[in-house]
Amino acid sequence: MALTMMNGHLIEDSSPPMLLHQVSKTPQLDAFSYQSSFMQDLFAHFPEVLFIHRTYNPRGKVLYTFLVDGPRVQLEGPLARVVYFAIPTNEDAKGLAQMFQVFKKFNPAWERVCTILVDPHFLLLPTLTMEFPTAEVLLSAFHICKFLQGKFYQLSLEQPVQSVLLSSLQSTMCSATAGNLRKLYTLLSDCIPSTRLPELHSHWLLNDRIWLAHRWRSRAQSNRYFQSLEVTAHILSQFFGTTPFEKQGMASVFRYMQQNPSDNTSLSLTVTPKDNPAPAGTSPASASSEQLVEARIQHSLNAICTGPAAQLCLGELAVVQKSMHLIGSGSEKVNIQILEDTHNVQLQSPASCSCYFNQAFHLPCRHILAMLSARHQVLQPDMLQAPWTSGCATSLDSILGSKWSAALDKHLAVTLLTEEVGRLLQHCSQEEFERRYSTLRELADSWIGPYEQVQL
């Protein structure tokens with residue numbers, strides 16, 4: 001059994017010995033490498049494609065995370081594909097060469113690496129190709145996607161243009177055919193000012209070799225792939241990228257892996273009593289805190305709602321747990337986007353949302369639950385309409401049969417359109433209002449008849 005103490009945390013691996021190399025007795029690490037026997041075996045089984053992700057901390061030290069990739073890798077979980085952690089002494093040619101040489105020393109399968117995926121800011125490509133002379137180095141689809149997303153926000157584009165670009169980017173990444181990539185390339189040329197267009201390196205979209213390494217995935221596989229890498233990047237940034245102390249950052253990463261055994265079944269972490277951390281619920285930034293909030297939301301749903309209502313809402317919460325994005329807020333409303341269209345959430349009780357689920361069932365939808373999760377709150381009784389409180393509803397089948405209908409779908413579509421037209425009429429000039437009102441009057445009379453007054 002291999003045991004190592006780092007920053008007061010005892011890292012334990014009951015399988016054959018692991019590599020743990022560090023230099024420095026201070027909270028900062030001069031150099032660091034970690035690979036458990038499970039990671040070593042994982043790389044030995046899937047060495048063909050190596051994905052490298054970099055995470056910087058406030059001190060400028062960078063954590064290199066190696067992950068296996070490719071068609072043969074079918075592992076679930078954000079960190080399930082991680083095979084190596086390393087912090088080079090310096091991020092220069094010498095420091096990276098030492099890091100790669102240590103990795104190769106403990107992983108004979110490195111000779112079978114065919115492709116290495118890196119981010120656009122990886123500048124020391126000569127060092128990488130020198131250490132892996134038979135491997136092809138390519139930009140990764142994930143890092144190109146993140147690069148373009150960042151540029152869209154930096155350019156301060158108009159909101160409609162930015163929304164179209166982000167939606168098109170997401171759709172293209174999930175179906176990276178040559179035709180879709182060409183359409184996105186044309187869209188960027190049309191929407192981005194010509195003086196700023198070179199910053200986006202849109203020619204990457206036309207490099208078919210990059211996308212051949214990703215195109216084999218189906219739309220569903222691509223969606224899961226990007227979500228998994230997004231969560232992985234978030235975890236590493238949250239735990240390593242927010243502290244100037246490398247030991248503390250790595251200990252937090254290992255603690256997360258221990259608390260999420262599905263991500264790495266071989267690593268266990270024991271915290272010494274004197275360094276026992278505070279309960280998870282006291283730290284909003286920690287992953288365990290998020291899990292506790294979600295557990296409390298589940299408990300509040302089961303306690304307040306009827307069985308059928310809780311079943312419907314728990315299905316919505318399952319979507320929230322996989323992907324959640326808060327994209328804007330106001331004094332009374334918050335815009336929530338979960339890889340779909342944007343919806344408006346009303347914070348005042350009873351909570352409401354513009355999405356179909358909430359309008360149809362009058363239950364807390366994924367967007368309301370995302371708000372609760374983001375604010376570390378739980379469902380309150382006054383957020384629920386009376387018919388859904390415990391003991392009032394009948395069965396899930398009767399609810400679905402009576403509520404979910406094509407007529408309601410049409411009604412919601414018309415209602416949303418009417419509200420949008422109403423908002424536009426309120427903010428136009430008097431002359432424009434009269435012209436538009438006259439047009440609506442004629443349209444209504446032509447549908448219903450000129451002899452019946454139609455309330456607009």
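Student: How many helices and strands does the secondary structure of the protein come to?

Tutor: Happy to start there! Keep in mind that this is a predicted model. The secondary structure of the protein comes to 16 helices and 14 strands.

Student: What share of the residues of the protein count as buried?

Tutor: Buried here means under 20% relative accessible area. Applied to the 456 residues of the protein, that cut-off gives a buried share of 44%.

Student: How are α5 and α6 oriented to each other?

Tutor: Let's take helix α5, residues 159–174, and helix α6, residues 178–191. They pack with their axes 10 Å apart, at an angle of about 165°. Angles over 145 degrees count as roughly antiparallel. The two helices, α5 and α6, are therefore roughly antiparallel.

Student: How do the residues of the contact of α5 with α6 divide into nonpolar, polar and charged?

Tutor: Good one to look at in the structure! From α5 come Val-161, Val-164, Leu-165, Ser-168, Leu-169, Thr-172 and Met-173, while α6 brings Asn-180, Leu-181, Leu-184, Leu-187, Leu-188 and Cys-191. In this contact of α5 with α6, the residues divide into 10 nonpolar, 3 polar and no charged.

Student: Why is α9 described as largely enclosed by the rest of the structure?

Tutor: Helix α9 covers residues 246–259 and reaches 20 Å from its first C-alpha to its last, close to the 20 Å expected. Its buried residues include Met-250, Val-253, Phe-254 and Tyr-256, and also Glu-246, Lys-247 and Arg-255. Helix α9 is largely enclosed by the rest of the structure because its buried residues number 11 of the 14.

Key:
Residues are numbered from 1 along each chain as its sequence is written. This is a predicted model: local features need pLDDT of at least 70, side-chain atom pairs count only at pLDDT 80 or more; totals for chains, interfaces and linings use all residues. Side-chain values use heavy atoms; hydrogens and water are left out. Axes are lines fitted to C-alpha atoms, for helices over the stretch in contact, and angles run from 0 to 180 degrees between N-to-C directions. Helices (H or I, at least four residues) and strands (E, at least two) are DSSP runs, numbered from the N terminus. Angles under 35 degrees count as roughly parallel, over 145 as roughly antiparallel, 65 to 115 as roughly perpendicular and the rest as oblique. Contact means heavy atoms within 4.5 Å. Ala, Val, Leu, Ile, Met, Phe, Trp, Tyr, Cys and Pro count as nonpolar, Asp, Glu, Lys and Arg as charged, and the others, Gly among them, as polar. The expected span of a helix is 1.5 Å times one less than its number of residues. Buried means under 20% relative accessible area, exposed over 50%, partly exposed in between (1.4 Å probe, protein chains only).
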